[in-house]
Amino acid sequence: AQYALAGMYAEGFGVTQNFKEAVKWYRLSAEQKNVSAQFALGILYANGLGVTRDHKEAFKWFKLAAEQNHPESQYNLGDAYRFGTGIDQNHKEAFKWFKLAAEQRLALAQAALGFLYRDGQGVTQDNKESFKWFLLAAAQDYAPAQNAMGNFYDNGDGVPEDDKEAIKWYTKAAEQGFAGAQYNLGMMYVKGEGTPQNYVMA
């Protein structure tokens, strides 16, 4: 009931939207180990909604939810460790939490693992592993991962260079409005890679 009431205040559903009230009710629910309330409280602290923005407090609530196997919280914890938000930067810890979320099929976390493997952050650099995780995220229509797949084929990183395959992945991401992929696709048209040179399309 507390969690439902908090959601009503957060969304303004049936009551006037009031983030301070949402925080109050989410906290009561979160303190009873409601994983969704812990996650929601983390989001409110991370964004300064109904409370003063506080990344350490957001981290605390995300960690409690992540330890209960909540994939979005595991991702947010990984992200906090990756960029040092509310906690000291630690790529090994980032990798650990991203992997837990990625194994639950969370596309954001799968792509994050792809980036860590690609860049050798918190794990030994490995293009094959990077490709594997980006492909899993791309298959879920996650545009940044689709763009990364385009990069692999465009540059021949760990896979044979294949301009047509690069265009396929760039197009999927570009059609979702992903600016990096739109640029990459435009450059392929300008250079005539995998497609006839076409300045109008570019």
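The largest nonpolar core in this predicted model has 37 residues. Tyr 26, Leu 41, Tyr 75, Leu 77 and Phe 98 make the most contacts inside that core. Seven elements are listed as giving it two or more residues: helix H1 (2-11), helix H2 (19-30), H3, H4, helix H5 (71-83), helix H6 (91-102) and helix H7 (107-119). A second, separate core has 23 residues, including Phe 134, Ala 138, Val 159 and Tyr 170. In soluble globular proteins, nonpolar side chains tend to be buried together.

What does Phe 98 touch, leaving aside its neighbours within four places in sequence? Its contacts are Gln 74, Tyr 75, Gly 78, Asp 79, Arg 82, Ala 109, Ala 112, Leu 113 and Leu 116.

**The chain as a whole**

The chain holds 11 helices and 0 strands. Its pattern along the sequence reads α-α-α-α-α-α-α-α-α-α-α. The C-alpha atoms fill a box of roughly 60 × 40 × 25 Å along the principal axes. Of the 202 residues, 42% are buried. Among contacts with a separation of 6 or more, 38% join residues 24 or more positions apart.

**Two helix pairs**

How do H3 and H4 pack: roughly parallel or roughly antiparallel? The axes of H3 (residues 35-47) and H4 (residues 55-66) come within 8 Å and cross at roughly 160°. Angles over 145 degrees count as roughly antiparallel, and H3 and H4 are therefore roughly antiparallel to each other. The crossing of H3 past H4 is left-handed.

From H3, the contact takes in Val 35, Gln 38, Phe 39, Leu 41, Gly 42, Ile 43, Tyr 45 and Ala 46. From H4 come His 55, Glu 57, Ala 58, Trp 61, Phe 62, Leu 64 and Ala 65. By class, these residues are 11 nonpolar, 3 polar and 1 charged.

H9 and helix H10 (residues 163-174) pack at about 165°, with axes 8 Å apart. That makes H9 roughly antiparallel to H10. H9 passes H10 in a left-handed crossing.

On the H9 side, the contact residues are Ala 143, Gln 146, Asn 147, Met 149, Gly 150, Asn 151, Tyr 153 and Asp 154. H10 supplies Asp 163, Glu 165, Ala 166, Trp 169, Tyr 170, Lys 172 and Ala 173. This contact divides into 7 nonpolar, 4 polar and 4 charged residues. Tyr 170 meets H9 here and is one of the residues in the second core.

| Residue | Phi | Relative accessibility |
|---|---|---|
| Asn 69 | near 75° | 43% |
| Asp 141 | near 65° | 49% |

Where does Asn 69 lie? Asn 69 is in the loop between H4 and H5. Asp 141 is in the loop between helix H8 (127-138) and helix H9 (143-155).

Conventions
Residues numbered from 1 in each chain as written. Predicted model: local features only at pLDDT ≥ 70, side-chain atom pairs only at ≥ 80, totals over all residues. Heavy atoms only, no water. Axes fitted to C-alpha atoms, helices over the stretch in contact; angles between N-to-C directions. Helix = DSSP H or I, 4+ residues; strand = E, 2+ residues; numbered from the N terminus. Parallel < 35°, antiparallel > 145°, perpendicular 65-115°, else oblique. Left-handed = near helix turned anticlockwise from the far one by under 90°. Contact = heavy atoms within 4.5 Å. Nonpolar A, V, L, I, M, F, W, Y, C, P; charged D, E, K, R; others polar. Core = buried A, V, L, I, M, F, W, Y, C linked by side-chain atoms within 4.5 Å. Buried < 20%, exposed > 50% of the residue type's maximum accessible area, 1.4 Å probe, protein only.
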